Amino acid sequence: MMTRDRSALKRREVLANVLAARGDALVVSGLGTSTYDLFAMSPAAENVYFWNAMGLTVPAGLGLAIAQPGRRVLVVTGDGEMMMGIGSLCVIAAQAPANLSILVLDNEEFEETGGQAGLTAGAPDIAGIALGSGFTSAMVARDAGDVGKLASFLLQQPGPALAVAKVGPSTDEPVYPSMDGPELVRRFRAAVPGD
Amino acid sequence: MSQTAAQIDDGWSRQVYALARLAGITLVTTVPDAGLTALLRLCVDDDDMRLVTLSTEEEGIGMAYGAWLGGTRALLCLQSSGTGNCINALALPAFAQCPCLMLVTMRGQEGEGNPAQFPMGGAVRAVFEAMGVVCMEAMTKEEVAPLFGQAEQLAFNDGKTAALLISQQVIGTKSFVK
């Protein structure tokens, strides 16, 4: 079996670093580890936790960004989930929402299903695709120095912006937000007044 | 130059547009279809409506969910061939029990000139109903507006996923005569 060089970055540390500066940002997490990590590191009522519909986290972020133009919307998802909805980057670039950012925690594998290599383990480059789609800016974080730049890149500058953080395998126990779909919706809508 | 909405009045789009406005829908997402031309033109011409062109139809399901969370009502307009692209996406509003409203212009029905449209066109209702979507179908122009009103109420009042199918009898057939 081929082995890959693994990033030394820990996904929850990357996420915590960014979300320490979240302010009143609304955060949408992709199904699987992104949802567990968001709930572990920043379990705010202003979070949207995906449990299904792989590929739709980014479109949901766009819908939310359009509905809430006065607030920053940050989508946090994995490379597999991002690849499934990769065309959505073009939809976003065409709409050019200044309040929307995407953080891809890229472990280059399908960790939840047994560690099968993902597409980004090879040539595909999500940050490059974002730029080619028409995103204002994109970056790749590979070390602690880069991680220090992520919060301002994703939360301060006008979007749409996309950052890829190359992360190592998950080492933390998963923690789960509510699996009650209507309750998740009610909680979020109560915390976030309609525009 | 593109036609104005008045020039392409099809006998139902104006009423649907008016009902959508009345229902507070301000976001319309689409992969376009010829049968949607007049309705989409009305939305483009309205500064209070935002029309978003998608790369694939299921994105409209995700956008409607995010929009609903943020307090905005959305409508997804698509051709019947795009309904199959939405299957797993429909698990999202079903799980969350939140509104999802779709308007589907049909292909692959009586008079269809392209046999490639039959497999998906014929399966729309079975596929949607298997995913728990409430389906209704307008067979005449006159039926479109009242049924749209019902679908809109089911979605936004009852948190259902509702689809209004507009029959090919209403929108006409595309000619493939060589």
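In the predicted model, helix α2 of chain A, residues 33-41, is mostly covered, with 7 of its 9 residues buried. A residue is called buried if 20 or more other C-beta atoms lie within 10 Å of its own, exposed if 12 or fewer do, and partly exposed in between, with C-beta atoms placed from the backbone. The buried residues of α2(A) are A:Thr33, A:Ser34, A:Thr35, A:Tyr36, A:Asp37, A:Leu38 and A:Met41. These residues pack against α1, β1, β2, β3 and β4 of chain A; contact requires C-beta atoms, placed from the backbone, within 7 Å. Helices (H or I, at least four residues) and strands (E, at least two) are DSSP runs numbered from the N terminus. Residues are numbered from 1 along each chain as its sequence is written, and chains are lettered from A, and ligands numbered from 1, in the order in which they are written. Because the model is predicted, local features need pLDDT of at least 70 and side-chain atom pairs count only at pLDDT 80 or more, whereas totals for chains, interfaces and linings use all residues.

The buried residues of helix α7 of chain A are A:Leu150, A:Phe153 and A:Leu154. Seen down the axis of α7(A), the buried residues fall within an arc of 90°, so they line one face of the helix; the arc is that of the directions from the helix axis to the C-beta atoms. Their packing partners are α1 (11-19), β3, β4, β7 and β8 of chain A. The face of α7(A) turned away from the buried side carries the exposed residues A:Ala144, A:Gly145, A:Gly148 and A:Ser152. The loop between α7 (144-155) and β8 (161-166) of chain A contains A:Pro160, and the peptide bond from A:Gly159 to A:Pro160 is cis, with omega near 0°. In helix α1 of chain A, A:Ala16 counts as partly exposed because it has 14 C-beta neighbours inside 10 Å.

In chain A, 6 strands form an open sheet with parallel pairing, in the order β2-β1-β3-β4-β8-β7. The edge strands, β2 (47-49) and β7 (137-141) of chain A, each pair on one side only. Two strands are taken to pair if DSSP finds at least two bridges between them. The twist in this sheet averages 15° from one strand to the next. Strand β1 (residues 26-29) of chain A pairs with β2(A) in the parallel sense over 3 bridges, and A:Val27 has A:Asn47 as its bridge partner in β2(A). Helix α3 (residues 57-67) of chain A lies across β1, β2, β3 (73-78) and β4 (100-106) of chain A, running at about 175° to β3(A). Axes are lines fitted to C-alpha atoms, for helices over the stretch in contact, and angles run from 0 to 180 degrees between N-to-C directions.

A:Ala53 is found in the loop between β2 and α3 of chain A and counts as buried because it has 27 C-beta neighbours inside 10 Å. A:Glu108 lies in the loop between β4 and β5 (109-110) of chain A and is also buried, with 23 other C-beta atoms within 10 Å.

In chain B, 6 strands likewise form an open sheet with parallel pairing, in the order β2-β1-β3-β4-β6-β5. Strands β2 and β5 (134-138) of chain B stand at the edges with a single partner strand each, so one side of each is left without a neighbour in the sheet. The twist here averages 20° from one strand to the next. Helix α3 (residues 58-69) of chain B packs on this sheet, touching β1, β2, β3 and β4 of chain B, and its direction makes about 170° with that of β3(B). Strands β3 (residues 73-79) and β4 (residues 100-105) of chain B run parallel and are joined by 4 bridges; B:Leu76 stands opposite B:Met102 in β4(B).

The contact between the chains takes 29 residues from chain A and 29 residues from chain B. On the chain A side, α3(A) gives the most, with 8 residues. The residues of that side divide into 18 nonpolar, 9 polar and 2 charged, where Ala, Val, Leu, Ile, Met, Phe, Trp, Tyr, Cys and Pro count as nonpolar, Asp, Glu, Lys and Arg as charged, and the others, Gly among them, as polar.

Note on methods. Two residues are in contact if their C-beta atoms, placed from the backbone, lie within 7 Å.
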